[in-house]
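Let's take a friendly tour through a protein model. Have the sequence and the 3D view ready, and look up each residue as we reach it.

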Amino acid sequence: MKTKFIYSLLIFTMFFMACNTEKKTDLEPYQSIEAPVAKKVTEELKAHGDTRIDNYFWMRLSDKQKNAETPDTQTQDVLDYLNAENDYKDEAMKHTEGLQKKLYDEIVGRIKKDDSSVPYNDNGYSYYTRYEKGMDYALYCRKKLDDNDKEEIMLNGPELAKDHAYFAIGGRSVSPDNKLLAYSVDTVSRRRYIVYFKNLESGEMLSDELKNTGGGAVWANDNKTVFYASKDPMTLRQDKIYKHVLGTDQSKDELVFHEKDETFSCFVFKSRSDKYLMIGSSQTLSTEYRYLDANTPNDEWKIIQPRERDLEYGVDHYDDHFYIRTNLDAKNFRLVKTPITATTKENWVDVIPHREDILLQSFVLFKEHLVLQERVNGLRTIRVMKWNGDNDHYIEFNDPAYLSYPTTNLDFDTNILRYGYASLTTPNSTIDYNMDTKEQKVLKEEEVVDPNFSKDNYVSERLYATARDGVKIPVSLVYKKGLQKNANTPLLLYSYGSYGSSTEPFFSSTRLSLLDRGFVYAIAHIRGGQEMGRHWYEDGKLLKKKNTFTDFIDCGEFLVKENYTSAEHMYAMGGSAGGLLMGAILNMKPELWNGVVAAVPFVDVVSTMMDETIPLTTFEFDEWGNPKNKEYYEYMKSYSPYDNVEAKAYPNILITTGYWDSQVQYWEPAKWIAKLRDLKTDNNMLIMDCDMETGHGGASGRFQRYKRTALSYAFMMDLEDMKE
């Protein structure tokens, strides 16, 4: 590894000696291992007079095949191939096992083992989670506000997770009378939750179980009626809302809403005022809401504003009005209000008008104040104002790149706003802010368990790269203070770039393992996200999707030009839709990267979007396009990573996936690595880690998940070692 440390020569020498046993000097040991070779079974995929040949289509299994007690021949072939890839990865990375353990121990060593969250108050109780030493899962607790010494453990995560390879608690909601808890559990990692009910006074479990849900259960004010979303068993789309009365069998539940449009997904929640139950139905470009008085759960639901193409809105309640964030005549959204008795759009009146240069992201209603989450110059801001317009101000932040956001604010009648703050150098903090006096109280800053850590030891920057069409792309960077940046400096460039999801410049104690070894960490805020406003998203989707990929490449070339690194020492990383980004840049500019980490990558775009039985497909036509339309088919095919693998040299590549992934099915990365290995002309490393027990998010335990992080970091550090 290049010597980028500012430590003394003695400290560096000690580190070098500790790691040198894991180091290899070239790729010869890796090249001597026999790589798996996937069998080829020709499958012709035809559309619009075009034929695509997919030699690895056979790798796709149905849920029925995956869940069968005895695997059929196809299933066994798939399992054999995935296990062969895992064995190959283990052998190829065997020489880094010591480094991986060292990294893992570092990462988990920085995590406070007996940590707890900042409590929040709701309906007479204080709620929080806490971890006990050595435990992967949390205890979910509460205390009465008038008896702060007596803790109630509502859910014992370690006990519930026992004997499960994967375990995740989804939604949790307490009945209005504080006596019952509804909570959901997923033990497969397919995000199909079972809702259970617990009597918090006796500790006994109720007999009610709600299967195949989205994970949430919303209480009516009668303490016995709940509403929940169920999923289509094949596509996993949330398509129905049911009403359940405690003490009855799920088969007797009343269907109150059925979303028949396959491009929409539905959900249910309660207004912050607890006055109304809400059913939302949404897709990429359109939303629709229904409401019902929470005191009368058997009444009829009413529509606020019927759905329209390209009309998006979100709703909350205050007094005798609904408050609505909408893009109606407002690309960057505006805030309006409308009487509860007249809710359709012709009755909407501006509260916060539309602005061309500011994106309205969200709002929080208080009795005396309105809080706005706005995005200005690519960064989140928090704006506070009184309802009468007085004392309108922004909370001030000093870091060049940061993340701020309102957190849990359940108390309506208060002048205290709780918000979170972090930057690339500042650990995550929870802060109480007096909206009248502007006084702040830091309730908690994430503790980094390392006596040598100080945020003053790191530097962050905000730069702007010029894209090939002249657009300025923000780039956020962080590195160790004193680092000499040049062509030999290792740099990891990360991004996502889809769904209007902005990549925020937040703090990560995990990342310190890279920074302390001389890496620069950079975030490319590319189009397809929403950092610079709604147009940023619209210019990186559908028939403009390639802007996402070229922006990332242009940011990489900018960092090389500015002498932060070079192609021989630059790495790229992205996951899910960010894995699509990785696949695209590998095909478009493979020579720009020394290594690429593609996590749970969406790489078989055309085939997935052609198949409406696959989870998320119909819901995302307005993100990627519908390939049944020839124009979208041809455009997708022109960038789909799997369809554009060629016989040429690629950099070193690490791919990760999960066998139970419901969002990006395991066969996409499995097919991709098989095709890459068959066609690529180089001798660089190409490995895949398939977790056979988990899905999209990886391991569920708070420590176990970092084993894959350690693998990814070791992959890059090992490649740096080879440069010496």
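Tyr635 is buried, because its relative accessible area is 16% and the cut-off for buried is under 20%. Keep in mind as you look that this is a predicted model. Tyr639 is buried as well, with a relative accessibility of 4%.

Both tyrosines belong to helix α13, which covers residues 630-639. Tyr635 and Tyr639 are 4 residues apart, or about one turn of the helix. How are their rings arranged? The ring centres of Tyr635 and Tyr639 are 5.6 Å apart and the planes make an angle of 75 degrees, so this is an edge-to-face pair.

In total, the model has 36 aromatic pairs. One of them joins Phe267 and Phe269, and this pair is stacked, with 6.1 Å from centre to centre and 25 degrees between the planes. Phe267 is partly exposed at 27% relative accessible area, and Phe269 is partly exposed at 23%. These two phenylalanines also belong to an aromatic cluster together with Tyr289, Tyr313 and Trp348.

Lys66 lies over the face of Tyr659, 4.7 Å from the ring centre. Over the ring of Tyr642 you will find the charged end of Lys675, at 4.7 Å from the centre.

## A buried arginine

Now turn to strand β2, residues 50-54, where Arg52 has its place. Is Arg52 buried or exposed? Arg52 has a relative accessible area of 9%, so this residue counts as buried.

Which side chain makes a polar contact with the side chain of Arg52? The partner is Ser607, at 3.1 Å. Arg52 also touches residues well away from it in the sequence, including Glu43, Glu44, Asp604, Tyr633 and Asp643.

## The nonpolar cores

The largest nonpolar core is made of 77 residues, and Phe552 and Trp593 have the most contacts inside it. Helix α10 (residues 577-588) gives this core its largest share, 7 residues. Phe552 touches Trp593 itself, and its other contacts include Leu493, Ala524, Ile526, Leu581 and Ile585.

How values were computed. Residues numbered from 1 in each chain as written. Predicted model: local features only at pLDDT ≥ 70, side-chain atom pairs only at ≥ 80, totals over all residues. Heavy atoms only, no water. Helix = DSSP H or I, 4+ residues; strand = E, 2+ residues; numbered from the N terminus. Buried < 20%, exposed > 50% of the residue type's maximum accessible area, 1.4 Å probe, protein only. Polar contact = N/O pair within 3.5 Å; in protein donor to acceptor, adjacent residues only side chain to side chain. Contact = heavy atoms within 4.5 Å. Phe/Tyr/Trp six-rings, centres within 6.5 Å; stacked < 30°, edge-to-face > 60°. Lys NZ or Arg CZ within 6 Å of the ring centre and 35° of its normal. Core = buried A, V, L, I, M, F, W, Y, C linked by side-chain atoms within 4.5 Å. Lists of a residue's contacts leave out its neighbours within four places in sequence.
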